[in-house]
Amino acid sequence: MENQYANEIWPLAIYFGMVIMLVVTMLALSWVLGQKRREAATNDPFESGVVSVGGSQIRISVEFYLVAIFFVIFDLETLFIFAWAVAFFELGWAGYLSITVFIGVLVLALVYQCRSGALEWGNKTRTGLREDQLTTGEST
Amino acid sequence: MSELMPVLLALTILVGGVSLAAVITWWERRLLGFWQDRLGPNRLGPFGIGQVAADMIKLLFKDDWVPPFSDKVVFIFAPTAIVVAMMMGFAVVPFAPNTYILDVNIGLLFFLGMTSLAVYSVLLGGLASNNKYALLGGLRSAAQMVSYEVFMGLSLMGIVMMTGSFSLVDIVEAQADTWFCFSQTLGLVVFVVSGIAESHRLPFDLPEAEHELTAGFHTEYGGMKFAMFMLGEYLGLILISCMIVTLFFGGWMVPALIYDWLPPFIWFSVKVFLVICFFVLLRAAIPRPRYDQLMSLGWKVMLPITLINLLVTGAILLKMKGA
């Protein structure tokens, strides 16, 4: 069994080696052939011609962090659906009902996530409504 | 001879993939040119195809600059990651009967895993550059790719349910009678949209939106390293097109009712070429959305559609089997 697996995998290993060689060749060629010129502003960060102020360790929106968390949650849940899909006919209606409940919970989480304003970008208040929605009295 | 076949095939895919990616850069500019009532690059060689070679020579002789303020090792590693990940994705694509590097029972998962690895390239490139534009572009890109990845795999589960296998060869052979684009139309739409978002091509190229982020995550890159990001992007385009054809348009299978006089690989190539043209023309037809619109489209529209598609497909399949 293990031997058969090894037989299948070796073309992939050779292919991987070739890809690595291609990448290394590209980097090496451009390192050898490329021109080397240094002028006054060559080593400055590019900011459309404006002289850079401060470092690049700027404060970033918390939304990116939220998206990362949601990805971890939802991508893990998709893995269970993958496992169900591949054994779909064996599991039959019993499996279908179970996965319906599972997807129902997932959709509930998604609805909660939307209603709580976690997917809204821009200024937010603690209630999850955007500033302009609060002032106009518009409800979610 | 049979020992040598996979090696030859690997070499062909490697050389073919890189040259095809290079030629597509020319073809895309040419096609977009005609779409916008201008000529596009037409000076070098017949129809301007020499432009490909000229660009490549020029890029090789560009300064191989590593910013002194950057994280140097990661800066060099980032563009290689996307090329390697996308090239490895081709390993599971069945180009014709018995013409593939690897046919395992996790083929589809292998493809999804490889496309997911591409996000490292963009994120690390943005972080290592130590440049504000690059950082913002890298972050946006990571959030976008990660959001669209959630349902990219899910959109294909309808096919897996109908085939009962993750193996791409099995999936193609299951389409001998009917292509999955008819039974899984919703899956196709979602997969195309998430495929564009994953390879961050127009109209979903927010990470490198030049009107606000100069060039996004590859602002500090130049010469061959920049070219490698582009190579990775075009390889991603070819890979997504190959997968769309394999999964939804019958792979190497001949369209029904047409006399089978061409080899299977030619049919596969023709289909892939048409899908690539579709992607290029999409670029000319649709403007770029705003970033928050892009994210809400993913989470609030695409994800529910995918889940509904799954449940409906499951119910119909079980009903048909039971009846």
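Domain bounds, as I use them here, come from an automatic or database domain assignment, and on that basis chain A is divided into domain 1, residues 1–33, and domain 2, residues 61–121. Please keep in mind throughout that what we are looking at is a predicted model. The C-alpha centres of domain 1 and domain 2 of chain A lie 36 Å apart.

Let me turn to the contact between the chains, where 61 residues of chain B are in contact with 53 residues of chain A. On the chain B side, the elements that each give two or more residues are α1 (5–35), α3 (72–89), α5 (132–154), α6 (157–163), α11 and α13 (291–322), and of these it is α13(B) that supplies the largest share, with 14 residues. If we sort that side of chain B by class, we find 41 nonpolar residues, eleven polar ones and nine charged ones.

To finish, I would like to look at one residue in detail: which residues is B:Ile244 in contact with, once we leave aside its neighbours within four places in sequence? They are B:Phe191, B:Val192, B:Gly195, B:Phe249 and B:Val275.

Definitions and conventions
Residues numbered from 1 in each chain as written. Chains lettered and ligands numbered in written order. Predicted model: local features only at pLDDT ≥ 70, side-chain atom pairs only at ≥ 80, totals over all residues. Contact = placed C-beta atoms within 7 Å. Helix = DSSP H or I, 4+ residues; strand = E, 2+ residues; numbered from the N terminus. Nonpolar A, V, L, I, M, F, W, Y, C, P; charged D, E, K, R; others polar.
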